[in-house]
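Good morning, colleagues. Today I shall present one site and the strands around it.

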Amino acid sequence: MRVALVLGSGGARGYAHIGAIAEIESRGHEVVAVAGSSMGALVGGLYAAGVLDEYTAWARTLTSSGVVRLLDPKWSAGGAIGAGRIFAEVERIAGERLIEELPIPFTAVATDLRARREVWFQRGPLVSAIRASIAIPGVITPVVMNGRLLADGGLMNPIPIEPTAASAADLTVAISLQGERDAREQSTPAREPAEPTWREELVERVRRTVGREKEPPDPLDDLRISDVVGLSMDAMQGLVSRYRMAGLPPDVLVTVPVSAARSLDFHRANEMIELGQRLTAEALDASGH
């Protein structure tokens, strides 16, 4: 069966896309089109180029300390990290491939921050398109290209189904990295008083009293900002995804819970790949494919 594959945004949870692809291929399906946002663009682009196995082998070797060394902090730039060292490895693996010459049609989705519109990359250097799509605002520095200020494609299209709509596919499989944290999680607004609890006030007093104002800043502490940004992006993208898929739903939707990994947990490739394969198998079984 011919499959159009849509890979969503979600930071390190995107390793689950690798497991999803493995499961789809193991069932004899042929992927005839790929579209991705952010980490989905990275995995999807390398897969369309035929070099995903090499990237996967490298990703499986990363440790927590190894990831920190790769982050390339950029404290005065438009994001906490430059990711230059990570993309040097991606460029080594992908080379100078052009999107229009890939064996599988591929679209990387980015967001033009100034124009507030999506940008679809369907031709040109593959690595440049991936770099633009994966620039998480406040975490990874944005890209200026052709006069556009480009950032994470997940801002406007976390699960970019539209670029694959015209493909000659029998089945559209979308991998969402924005699944609910808990089956009991409420979607209705919470009604709470706007005053802190006594515990929260106590913690704040202690923090001010024994704060570390006189200590030199630790770059690793600053990187925890990425957790806040990641949670914010997850909340926004979860809502955007639901609205967009209501108008153009995939045939098969695989949902990876946001609690599976944090945005920068790039040392957890093995467990995310395994999770992605298992969840994809369950979704395909349920749909009869």
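**A hairpin and the annotated site**

I begin with Asn 146, which takes a positive phi near 55 degrees in the hairpin of β7 and β8, where two residues lie between the strands. The model is predicted: local features need pLDDT of at least 70, side-chain atom pairs count only at pLDDT 80 or more, and totals for chains, interfaces and linings use all residues. Residues are numbered from 1 along each chain as its sequence is written, and side-chain values use heavy atoms, with hydrogens and water left out.

Strands here are DSSP runs (E, at least two residues), as helices are (H or I, at least four), numbered from the N terminus. Strands pair if DSSP finds at least two bridges between them. Three bridges join β7 (residues 143-145) to β8 in the antiparallel sense, and Met 145 has Arg 148 as its bridge partner in β8. Strand β4 (residues 106-112) also pairs with β8, antiparallel and over three bridges.

Which residues does UniProt list for "active site"? The unreviewed entry lists Ser 38 and Asp 152. They span 115 residues in sequence, yet no two of their C-alpha atoms are more than 5.6 Å apart, so they gather at one spot. Such annotations may be inferred rather than shown by experiment; feature names are shortened, and positions follow the numbering used here.

Asp 152 belongs to strand β8 (residues 148-152). Its side chain makes a polar contact with that of Ser 38, at 2.7 Å; a polar contact is a pair of N or O atoms within 3.5 Å, where within protein one must be able to donate a hydrogen and the other to accept it, and residues adjacent in sequence count only if both atoms are side-chain atoms.
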